[in-house]
Amino acid sequence: MKYFLYDLHLAQNMDNISEEEFNRNDRQWLQNVTDYQEIFKTLSNRLPHDVFEHFNSWGFHDYRLVKMEIEHESLLHLSVHFTISSDVENKENEKLWVLRFNNVSFYNYHHFNYDNDKSVFHREIDDWLYQEFLPIDQSKISFEVLFSSGGNVLLHFSNKSVSIKRVK
């Protein structure tokens, strides 16, 4: 993540920091949000309209990752699908979405808290925190998502090769 840094998120959620440090972190966070929004706006013609509009605000912030699937037709034709729930505890009121990336040319997974037994957040609850769509070049975009558990997924995909669908 370039703008929504996990360490900065953690620092904002610590109880044992000074007011000065909290304010400095908060200013940095607000600057990062502003900087990211400027970059994201440049992708309006490279993402499908519904995807751009959905992520032009909070995206899936505080939704829960239910499932992540990698679909392999060949290593040249790779897709990654995220199934995300608004409320896994209350199935009746749950909103369920599928975010699908096609033509994935790069996939990376990292867990910041894999070996951290004293994590600030629960290491096995994958609540969606923040995502970034960033240009790589004229035909490729990166997508990176950070989860409260410390999980992080980074993808590279071709322009317009992402879709979003509410399934419930």
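Because the model is predicted, local features require pLDDT of at least 70 and side-chain atom pairs count only at pLDDT 80 or more, whereas totals for chains, interfaces and linings use all residues. Residues are numbered from 1 along each chain as its sequence is written, and side-chain values use heavy atoms, with hydrogens and water left out.

Buried here denotes under 20% relative accessible area, exposed over 50%, and partly exposed the range in between, with a 1.4 Å probe and protein chains only. When neighbours within four places in sequence are left aside, F143 is in contact (heavy atoms within 4.5 Å) with residues including F82, L99, F101, W128, E132 and F133.

E132 belongs to strand β5, residues 128-135; strands are DSSP runs of E with at least two residues, and helices are runs of H or I with at least four, numbered from the N terminus. A polar atom of the E132 side chain lies 2.7 Å from the backbone nitrogen of F4. Beyond its neighbours within four places in sequence, E132 has contacts with M1, K2, Y3, F4, Y36, S142, F143 and E144.

The structure contains 24 aromatic pairs. Rings of Phe, Tyr and Trp (its six-membered ring) pair if their centres lie within 6.5 Å; planes under 30 degrees apart count as stacked, over 60 as edge-to-face and the rest as tilted. F60 and Y63 form an edge-to-face pair, at 5.2 Å centre to centre and 65° between the planes. F60 counts as buried because its relative accessibility is 0%, and Y63 does so at 16%. F82 and W128 are also paired edge-to-face, with 5.8 Å between centres and 80° between planes. F82 lies in strand β2 (residues 77-85) and W128 in strand β5, so this pair ties together parts 46 residues apart in sequence. Both F82 and W128 are buried.

N113 is located in the loop between β4 (104-111) and β5, and is buried, with a relative accessible area of 4%.

Definitions and conventions
A polar contact is a pair of N or O atoms within 3.5 Å; within protein, one must be able to donate a hydrogen and the other to accept it, and residues adjacent in sequence count only if both atoms are side-chain atoms.
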